[in-house]
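Please examine the model shown here. The questions that follow take up its overall build, its surface and its charged residues.

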Amino acid sequence: MHNLLILNFGTGEIIIIALVILLLFGGKKIPELMKGVGKGVRSFKDGLNDVEKEIKDIDDQANGKKDSEE
């Protein structure tokens, strides 16, 4: 329950975070940073999809074997 409170950002906090990022990286580096974040998120989602597919394949194989044994 404590972990859920950390993710509860309001508008003010988001604006402060955006300003800090702008100060740290500057206006020219932000598009490159967001591009990298986008690639990371896409890679993470692809990995999750691969794992879900493998689990489904294993489940299908296990169910297929059970049906053929009966």
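**Helices, surface and charges**

The chain of this predicted model has 2 helices and 0 strands.

Q: What percentage of the 70 residues of the chain count as buried?
A: A residue is called buried when its relative accessible area is under 20%. The chain has 70 residues, and the share of them that counts as buried is 0%.

Q: Is I16 buried or exposed?
A: I16 is found in helix 2, which covers residues 11-69. The cut-off for an exposed residue is a relative accessible area over 50%. I16 has 54% relative accessibility and therefore counts as exposed.

Q: Which residues form a nonpolar patch on the surface?
A: The patch in question has about 400 Å² of accessible area in total. I16, itself exposed at 54%, is one of its members. The nonpolar patch is formed by I16, V20, L24 and F25.

Q: Which residue forms a salt bridge with D60?
A: Side chains of opposite charge can pair when their charged atoms come close. The count of salt bridges in the model comes to 1. In the salt bridge of D60, the closest N and O atoms are 3.4 Å apart, and the partner is K56.

Q: How many residues apart are D60 and K56?
A: D60 is partly exposed, at 40% relative accessible area, while K56 is exposed, at 53%. Both residues lie in helix 2. Their separation is about one turn of the helix, that is, 4 residues.

Q: Which residues gather in a patch of negative charge on the surface?
A: One of them is E54, which lies in helix 2. E54 has a relative accessible area of 52%, so this residue is exposed. The residues of the negative patch are D46, D50, E54 and D57.

Technical notes: Residues numbered from 1 in each chain as written. Predicted model: local features only at pLDDT ≥ 70, side-chain atom pairs only at ≥ 80, totals over all residues. Heavy atoms only, no water. Patch = residues over 30% accessible without salt bridge, like charges linked within 9 Å, V, L, I, M, F, W, Y side chains within 5 Å. Areas by Shrake-Rupley, 256 points an atom, 1.4 Å probe, with all protein chains shown as cover. Salt bridge = Lys/Arg side-chain N within 4 Å of Asp/Glu carboxyl O. Buried < 20%, exposed > 50% of the residue type's maximum accessible area, 1.4 Å probe, protein only. Lys, Arg positive; Asp, Glu negative; His and termini not counted. Charge placed at Lys NZ, Arg CZ, Asp CG, Glu CD.
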